[in-house]
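Follow along with me, one entry at a time.

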Amino acid sequence: MLERIDSELFNDIALVYKGLGISRAHISADMETTPDMLCELLDEARPQIPKTDVRLFPTSFNAGPSLRGFPLPLTHRWLSCERSFSEMRPTAVMAHLPHFWQLEIPLHAACRRESAPIFFGEPENIPVAAAAIASASIDTVIAGAPASFALSSYVLQKRLPLPPHWILIHDAFAASWEIPAPLRTADGMVFQEVHAFPGLPILEQCATLTQARSAHFHRSNSFVWDATEKTAYITSTGDDPFPLYRYVVPFTIEPLHTCDCGQEVVTRKL
Ligand SMILES: [Zn+2]
């Protein structure tokens with residue numbers, strides 16, 4: 001299940017880090033990038049980042065002292081969302097997401113591919129979101145998992161139609177990954193994703209996995225995964241402007257079986 005990080009991948013990433021001005025003391029093949037270490041690396045790279053063609057995404061789901069801008073390519077696409085859309089075929093989409101997550105541009109691109117209009121709302125403004133659902137034929141909602149509880153409860157309480165399709169984003173650092181009861185039994189499709197930080201999916205679901213409405217996932221193939229008994233690490237495989245190297249994810253995973261789609265099914269190891 002788990003892969004070894006080959007020396008070629010390490011050398012490629014070390015070269016990018018050196019180009020970004022990150023000190024050699026921070027770069028070694030067995031280094032671990034904790035969230036705090038990521039802040040240090042990004043701080044060291046900060047003078048170089050404005051010289052590159054990148055878009056910045058927040059390194060945390062919440063504003064706070066550990067929040068930094070994480071550079072991704074201007075062409076960065078939210079591929080798991082695009083794959084989910086190709087199964088759901090949305091008519092109209094609502095993004096029920098904090099603006100500072102910076103997901104508007106990749107989400108807009110995903111909607112354009114489906115020729116679906118998109119409404120952007122803030123999770124704090126549930127009545128407006130409910131009004132949009134009622135009046136704009138919205139059939140697909142993208143929300144952080146905790147915000148989906150409040151919104152789906154409000155919609156049901158007001159006796160409005162619950163949109164059939166949802167994409168729920170779980171914070172990798174959340175203690176548990178839950179979905180609201182109404183969405184566990186609804187007729188449509190509910191795709192769940194786990195993001196290391198907003199816009200960086202590390203666990204995803206295919207159409208088959210959505211049927212069980214459980215916390216079973218496929219590992220994102222944008223990363224190499226390796227692990228010890230207690231810790232899992234992800235390393236970027238692409239030519240990202242700031243590749244992650246052995247970034248510590250706050251859980252370990254265990255393999256379950258092979259999915260109908262051919263990929264390995266994993267769950268969080270308790
Ligand atoms: Zn699958």
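**Entry 1: helix H3 and its partners.** The model I am looking at is predicted. I began with what the buried residues of H3 pack against, and I found helix H4 (104-114), E5, E6, strand E7 (190-195) and strand E8 (201-204). Next I looked up which residues of H3 (residues 79-88) are buried: Ser80, Cys81, Ser84, Phe85 and Met88. They cover an arc of only 140° around the axis, so they lie on the same side of H3. I reminded myself that an α-helix has 3.6 residues a turn, so residues three or four places apart point the same way. Just after H3 I noted Arg89, which has a positive phi of about 45°.

**Entry 2: H3 against H4.** How do I describe two packed helices? I use the angle between their axes and the distance between the axes. For H3 and H4 I read an angle of about 30° and axes 9 Å apart. Angles under 35 degrees count as roughly parallel, and H3 and H4 are therefore roughly parallel to each other. The crossing of H3 past H4 is right-handed. On the H3 side, I found that Cys81, Glu82 and Phe85 make the contact; on the H4 side, Leu107, Ala110, Arg113 and Glu114 do.

**Entry 3: helix H6.** I checked the length of H6 (residues 145-157) here. At 1.5 Å a residue, its 13 residues should span 18 Å, and the end C-alpha atoms are 19 Å apart, which agrees. Which residues of H6 are buried? I listed Ala145, Ala147, Ser148, Leu151, Ser152 and Val155. Their arc around the axis is only 135°, which puts them on the same side of H6. Then I looked up what these buried residues pack against: strand E3 (93-96), helix H5 (126-135), strand E5 (140-144), strand E6 (165-171) and helix H7 (181-185). After H6 comes Arg159, with a positive phi near 55°.

**Entry 4: a loop residue.** Last, I visited Leu20, in the loop between helix H1 (7-19) and helix H2 (35-45). Is Leu20 buried or exposed? I count a residue as buried if 20 or more other C-beta atoms lie within 10 Å of its own. Leu20 has 20 such atoms within 10 Å, so Leu20 is buried. Setting aside neighbours within four places in sequence, I found Leu20 in contact with Ala45 and Gln48. I also looked at Pro250, 230 residues from Leu20 along the chain: their C-alpha atoms are separated by 26 Å.

Technical notes
Residues are numbered from 1 along each chain as its sequence is written. This is a predicted model: local features need pLDDT of at least 70, side-chain atom pairs count only at pLDDT 80 or more; totals for chains, interfaces and linings use all residues. Helices (H or I, at least four residues) and strands (E, at least two) are DSSP runs, numbered from the N terminus. The expected span of a helix is 1.5 Å times one less than its number of residues. A residue is buried if 20 or more other C-beta atoms lie within 10 Å of its own, exposed if 12 or fewer, and partly exposed in between; C-beta atoms are placed from the backbone. The arc is that of the directions from the helix axis to the C-beta atoms. Two residues are in contact if their C-beta atoms, placed from the backbone, lie within 7 Å. Axes are lines fitted to C-alpha atoms, for helices over the stretch in contact, and angles run from 0 to 180 degrees between N-to-C directions. Angles under 35 degrees count as roughly parallel, over 145 as roughly antiparallel, 65 to 115 as roughly perpendicular and the rest as oblique. A crossing is left-handed if the near helix is turned anticlockwise from the far one by less than a right angle, and right-handed if clockwise.
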